[in-house]
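Here is a short report for someone meeting this structure for the first time. Take a look at the model, then read on.

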Amino acid sequence: MVMTWGSRFPRTILLSFAWIMSVILIFIVPDSRIVQNFAYLFLLHFDLLDWKVFNQVYCIVGGFIWGATAIAYFRLTQDACGNCGRNDANEVSLVKGAKWGKWFTYMTVVMALPYGIVRWAWALGIPLGTTNLSMVGNEDIVLVETILGGLCIGGGILTLGLIQRWGVIFPRWCLFLAGKQIPIWFVVVPATLMSAIITITGIKLSPQIIYMIVNGSITHENWGQFVPFLFWLPWGISLGIAILAYYLKRRGRCKHCGKL
């Protein structure tokens, strides 16, 4: 790939291999333990961390490297700028990107709410979607439910920053950073990582939950434990697209090729 060997057919093979490796390592190899451990880090629970989880993180990092390799190779073989990917044939309209990015941002916020609402209801003692009273208003886990619900709802609210001024300029309450421009990487890197983690969880859990709905295992007595996870796959995908639109809108003129 570095030497750009071969004609168009080998190029297609190399790109296909790189993207397949990226998808497998990011979305197929890991499982829901990734998001489980990420959430419990906020609760200072580290007992679930083991070598298998670290190996999954290692695979995800490798998947992102394969994806970056595929993008770099594609740009190289298309005579595009290696820094921004622009050339005369594939320039993306920032105005169009801003428009479709707005709707995917709103979709992301909506998809993040169901899980958070159910968890906060349980923390408040409301048996929403469950008859298991040990999960509702239990003093031992009320903090856990509050934090888990808050991560989803808070994440959804933060997503609005992708289309708001405070997602570009640090707001007043940021003290010495107030009024300064937010670096693109400061938003894109963690948001992309979260998009991958949420999508992984959705891919792993959605088929199981759909099967349980079909065979009648999920009823009005327990849907709160399972159904909210069905929103995670569209949540992760829409977040990824919204991040792409944010990047396209903010990247500005390339310092290497000068294209806007």
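A residue counts as exposed when its relative accessible area is over 50%, as buried when that area is under 20%, and as partly exposed in between. L133 has a relative accessible area of 62%, so L133 is exposed. Keep these cut-offs in mind. The model is a predicted one.

## The whole chain

The protein chain holds 8 helices and 0 strands. Read from the N terminus, the order is α-α-α-α-α-α-α-α. The C-alpha trace spans about 60 × 45 × 35 Å along its principal axes. The chain has 260 residues, and 36% of them count as buried. Take the contacts with a separation of 6 or more: residues 24 or more positions apart account for 72% of them.

The accessible surface of the protein chain is about 15,300 Å². Carbon and sulfur atoms supply 70% of that surface. Charge comes next. The chain carries 20 positive and 10 negative side chains. The centres of these two sets are 20 Å apart.

## Helix α2 and its cover

Helix α2 covers residues 33–41. Which residues of α2 are buried? They are I34, V35, N37 and A39. The cover over these buried residues includes α3 (51–77), α5 (142–159), α6 (184–214) and α8 (232–250).

How do α2 and α3 cross? Two packed helices are described by the angle between their axes and the distance between the axes. For α2 and α3, the axes come within 10 Å and cross at roughly 110°. Angles of 65 to 115 degrees count as roughly perpendicular, and α2 and α3 are therefore roughly perpendicular to each other. On the α2 side, R33, I34 and N37 make the contact. On the α3 side, the residues are K52, V53, Q56, V57 and I60.

Q56 lies in helix α3. Is Q56 buried or exposed? Its relative accessible area is 5%, so Q56 is buried. Beyond its neighbours within four places in sequence, Q56 is in contact with P30, D31, R33 and I34.

| Pair | Separation along the chain | C-alpha distance |
|---|---|---|
| W100 and L133 | 33 residues | 43 Å |
| L133 and W122 | 11 residues | 9.0 Å |

W100 belongs to helix α4, residues 94–123. With a relative accessible area of 30%, W100 is partly exposed. Which residues does W100 touch, not counting those up to four places away in sequence? They are I241, L244, A245 and L248.

L133 sits in the loop between α4 and α5. The C-alpha atoms of L133 and W100 are separated by 43 Å. Those of L133 and W122 are separated by 9.0 Å.

## A positive phi in a loop

Most residues other than glycine have a negative phi. L175 has a phi near 55°, a positive value in a residue other than glycine. Where is L175 found? L175 is in the loop between α5 and α6. The relative accessible area of L175 is 66%, so L175 is exposed.

Notes:
Residues numbered from 1 in each chain as written. Predicted model: local features only at pLDDT ≥ 70, side-chain atom pairs only at ≥ 80, totals over all residues. Heavy atoms only, no water. Helix = DSSP H or I, 4+ residues; strand = E, 2+ residues; numbered from the N terminus. Buried < 20%, exposed > 50% of the residue type's maximum accessible area, 1.4 Å probe, protein only. Contact = heavy atoms within 4.5 Å. Areas by Shrake-Rupley, 256 points an atom, 1.4 Å probe, with all protein chains shown as cover. Lys, Arg positive; Asp, Glu negative; His and termini not counted. Charge placed at Lys NZ, Arg CZ, Asp CG, Glu CD. Axes fitted to C-alpha atoms, helices over the stretch in contact; angles between N-to-C directions. Parallel < 35°, antiparallel > 145°, perpendicular 65-115°, else oblique.
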